[in-house]
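Load the model and have the selection tool ready. The stops below go from the whole chain to single residues.

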Amino acid sequence: MASTLKEQLITILLTSALTSTGWVGVQYYNATKQQEQFSNQLYKELYDKSAKALEEIDDKYSKLMDFYATKHGLSTHEYKSEFNEFKNAVEGYKSYVKELERYGNSSQVKAANYLKELIWGLYGDFYLHFSTIEQVEGHVQLVLLNQYSNSEYFDALNETLDNDLDSLIQLENRTYYEVSQYKKPLIDAYRQFLNYHFRSSLGLEATEDMVNAINSIASKQQRNPENEYKDKALPFMFSEQRVYQAATLDFSESDDFLKQKNAALKHNTKLKFIALVIENEPSLKSKLEEQVKDKKEVIE
């Protein structure tokens with residue numbers, strides 16, 4: 001009897017232990033599964049946010065580049081809105097990367113940060129050009145305000161403005177080729193590298209296009225001589241059709257017709273700057289009107 005009771009107690013204890021172990025195992029499995037589902041959902045949301053932020057940059061970049069492709073001798077007054085929208089899109093991506101640093105894994109964060117640096121470099125080229133235009137517009141105001149000064153001083157200011165316009169159009173041409181032929185293609189390729197890390201975290205395979213883009217990164221990082229812009233003898237003439245021309249193409253300065261056309265394009269650009277500066281600077285316009293009024297009174 002005692003032996004039977006002992007056996008029953010052993011059986012009960014063993015059954016209890018096995019049941020308890022099984023329960024713990026199920027709980028551990030469920031917790032692991034929930035954690036995996038949470039991570040996948042989090043990575044998916046971060047992936048979607050990345051796509052949205054980068055699509056915003058693409059959209060604003062395209063609108064900004066439309067000006068470089070269809071116009072030349074750009075004034076800030078022509079595309080200030082598009083430039084600021086692109087800047088905001090870049091700032092938006094920087095904010096996204098800060099969020100990713102809090103919740104993403106190390107490979108995602110590393111890829112996103114490198115991509116952020118590339119995008120910031122792209123913005124830097126646009127910013128340099130835009131800020132240089134602002135300086136030239138400031139020189140335009142100086143010339144206008146001193147149009148009734150002694151001729152030597154005015155001639156010196158006017159000559160400086162002419163030189164500024166030459167330098168500005170060279171920078172505009174260089175910016176177009178630098179961003180469209182080198183920096184943006186590299187960004188597009190590296191974007192796929194970031195996408196790969198998100199897909200890997202979600203258990204998804206890389207697409208064929210993604211693999212091809214990633215494999216092209218090394219070649220895109222190399223500077224190609226055929227895409228390098230060098231200062232042109234006739235930069236205004238070149239800028240008019242740059243979207244259709246290789247960066248290395250140049251026009252001969254010995255061709256009188258092309259030389260005259262370059263001078264005419266430069267003159268038209270100068271007049272455009274003057275007109276836009278007067279139109280968009282009310283205080284300057286008032287000062288110029290006062291100067292004209294005072295000049296008339298002196299003549300009378």
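Colour the chain by secondary structure: from the N terminus on, the elements run α-α-α-α-α-α-α-α-α. That comes to nine helices and zero strands, where helices (H or I, at least four residues) and strands (E, at least two) are DSSP runs numbered from the N terminus. This is a predicted model, in which local features need pLDDT of at least 70 and side-chain atom pairs count only at pLDDT 80 or more, while totals for chains, interfaces and linings use all residues. Residues are numbered from 1 along each chain as its sequence is written, and side-chain values use heavy atoms, with hydrogens and water left out.

Next, show the surface. The accessible surface of the chain is about 17,700 Å², and 53% of it belongs to carbon and sulfur atoms; the areas come from the Shrake-Rupley method with a 1.4 Å probe, and for residues only the protein chains shown count as cover. Of the 300 residues in the chain, 36% are buried, meaning under 20% relative accessible area (1.4 Å probe, protein chains only). Taking contacts (heavy atoms within 4.5 Å) between residues at least 6 apart in sequence, 75% join residues at least 24 apart.

**The core**

Select Tyr-68, Tyr-79, Phe-86, Tyr-93, Leu-115, Ile-119 and Phe-126. These have the most contacts inside the largest nonpolar core, which has 67 residues. At least two residues of this core come from each of α1, α2 (76-103), α3 (106-145), α4, α7 (235-239), α8 (256-280) and α9 (282-299). Such a core is a set of buried Ala, Val, Leu, Ile, Met, Phe, Trp, Tyr and Cys residues joined through side-chain atoms within 4.5 Å. In soluble globular proteins, nonpolar side chains tend to be buried together.

Stay on Tyr-79 and display what surrounds it. Not counting residues up to four places away in sequence, Tyr-79 touches Leu-64, Phe-67, Tyr-68, Leu-74, His-129, Phe-130 and Ile-133.

**The cavity**

Which residues line the largest cavity? Select Leu-54, Ile-57, Asp-58, Ile-119, Lys-184, Ile-187 and Arg-191. The elements giving two or more residues to this lining are α1 (2-70) and α4 (151-201). By class, the lining has four nonpolar residues, no polar ones and three charged ones; Ala, Val, Leu, Ile, Met, Phe, Trp, Tyr, Cys and Pro count as nonpolar, Asp, Glu, Lys and Arg as charged, and the others, Gly among them, as polar. The volume is about 30 Å³. A cavity here is a set of points on a 1 Å grid over the protein atoms alone where a 1.4 Å probe fits but cannot get out, and lining residues have an atom within 4 Å of a point. Points are joined across faces, edges and corners, and the volume is the space filled by probe spheres set on them.

Ile-187 counts as buried because its relative accessibility is 7%. Beyond four places in sequence, Ile-187 touches Leu-115, Leu-118, Ile-119 and Leu-122. Ile-187 and Glu-117 are 70 residues apart in sequence, yet 9.7 Å apart in space, C-alpha to C-alpha.

**Two further stops**

Move along helix α4 to Gln-170. Is this residue buried or exposed? Gln-170 is buried, because its relative accessible area is 10%. Leaving aside neighbours within four places in sequence, Gln-170 is in contact with Tyr-229, Asp-231, Lys-232 and Pro-235.

Finish at Met-237 in helix α7. At 10% relative accessibility, Met-237 also counts as buried. With neighbours within four places in sequence left aside, Met-237 contacts Phe-251, Leu-258, Lys-261, Asn-262 and Leu-265. Draw a distance from Met-237 to Ala-264, 27 residues apart along the chain: the C-alpha atoms are separated by 9.2 Å.

Key
On a 1 Å grid over the protein atoms alone, a cavity is a set of points where a 1.4 Å probe fits but cannot get out, and a pocket is an open set with protein on both sides within 12 Å along at least five of seven lines; lining residues have an atom within 4 Å of a point. Buried means under 20% relative accessible area, exposed over 50%, partly exposed in between (1.4 Å probe, protein chains only).
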